[in-house]
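The structure comes up first, then the entries.

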Amino acid sequence: MAMAAPMAMPLPAAAAPEAAEAAPVVEEREYWDIKLTGFDDKAKIKVIKEVRAMTGLGLKEAKEVVEGVPSVIKKEVKKDEADDVIKKLAELGAQAELE
């Protein structure tokens with residue numbers, strides 16, 4: 001009489017959730033949006049000029065963005081560039097954050 005080859009046994013159901021729990025790794029985002037959240041009234045003109053220079057907007061559009069805080073001033077920016085922009089805005093008297 002011939003012996004049957006041993007059958008491969010499926011993994012127990014308990015092993016699958018363990019693998020699923022280990023899978024969620026926090027991914028570092030590659031691109032960020034820069035959101036202007038506020039500014040000092042005395043620095044308003046400087047902030048408008050800087051937003052205009054950074055975004056290429058016209059004077060009227062840049063003024064509307066600054067006066068309409070909170071508003072996104074740049075989208076899809078790499079982390080290093082975003083940090084530089086936020087630092088520059090802070091030096092001028094504005095508050096911004098990554099989104």
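**Entry 1: a term I need.** Before going on, I wrote down what "a charge sits over a ring" means: NZ of Lys or CZ of Arg is within 6 Å of the ring centre and within 35 degrees of the ring normal. I also noted that this is a predicted model.

**Entry 2: the ring of Trp32.** With that in hand, I looked up Trp32. The charged end of Arg29 sits over its ring, 4.3 Å from the centre. I found Lys79 listed for that ring too, with its charged end over it and 5.6 Å from the centre. How many aromatic pairs does the structure hold? I got 0 aromatic pairs.

**Entry 3: the overall layout.** I stepped back to the whole chain. I counted 4 helices and 3 strands in the protein chain. Reading from the N terminus, I get the order α-β-α-α-β-α-β. The protein chain has 99 residues, and 28% of them count as buried.

**Entry 4: strand β1.** Next I went to β1, which spans residues 31-39. Is β1 mostly covered or mostly open? I have it down as mostly covered, with 7 of its 9 residues buried.

**Entry 5: partners of β1.** I checked what β1 pairs with. It runs antiparallel to β2 (residues 71-78), and 5 bridges join the two. Across that pairing, Trp32 stands opposite Val77 in β2. I then looked at β3 (residues 94-98), which is also antiparallel to β1 and joined to it by 5 bridges. There I noted Phe39 standing opposite Ala94 in β3.

**Entry 6: Asp33.** I stayed in strand β1 for Asp33. This residue is buried, yet it has no salt bridge. Which side chain of opposite charge is nearest to Asp33? I found Arg29, at 5.4 Å. A salt bridge needs a side-chain nitrogen of Lys or Arg within 4 Å of a carboxyl oxygen of Asp or Glu, so Arg29 at 5.4 Å gives Asp33 none. What I did find is that the side chain of Asp33 reaches the backbone nitrogen of Glu76 at 3.0 Å.

**Entry 7: Lys74.** My last stop was Lys74, in strand β2. Why does Lys74 count as buried? Its relative accessibility is 17%, and buried means under 20%. I also wrote down a polar contact from the side chain of Lys74 to the side chain of Glu81, at 3.0 Å.

Methods
Residues are numbered from 1 along each chain as its sequence is written. This is a predicted model: local features need pLDDT of at least 70, side-chain atom pairs count only at pLDDT 80 or more; totals for chains, interfaces and linings use all residues. Side-chain values use heavy atoms; hydrogens and water are left out. Buried means under 20% relative accessible area, exposed over 50%, partly exposed in between (1.4 Å probe, protein chains only). Two strands pair if DSSP finds at least two bridges between them. Rings of Phe, Tyr and Trp (its six-membered ring) pair if their centres lie within 6.5 Å; planes under 30 degrees apart count as stacked, over 60 as edge-to-face and the rest as tilted. Lys and Arg count as positive and Asp and Glu as negative; His and the chain ends are not counted. A polar contact is a pair of N or O atoms within 3.5 Å; within protein, one must be able to donate a hydrogen and the other to accept it, and residues adjacent in sequence count only if both atoms are side-chain atoms.
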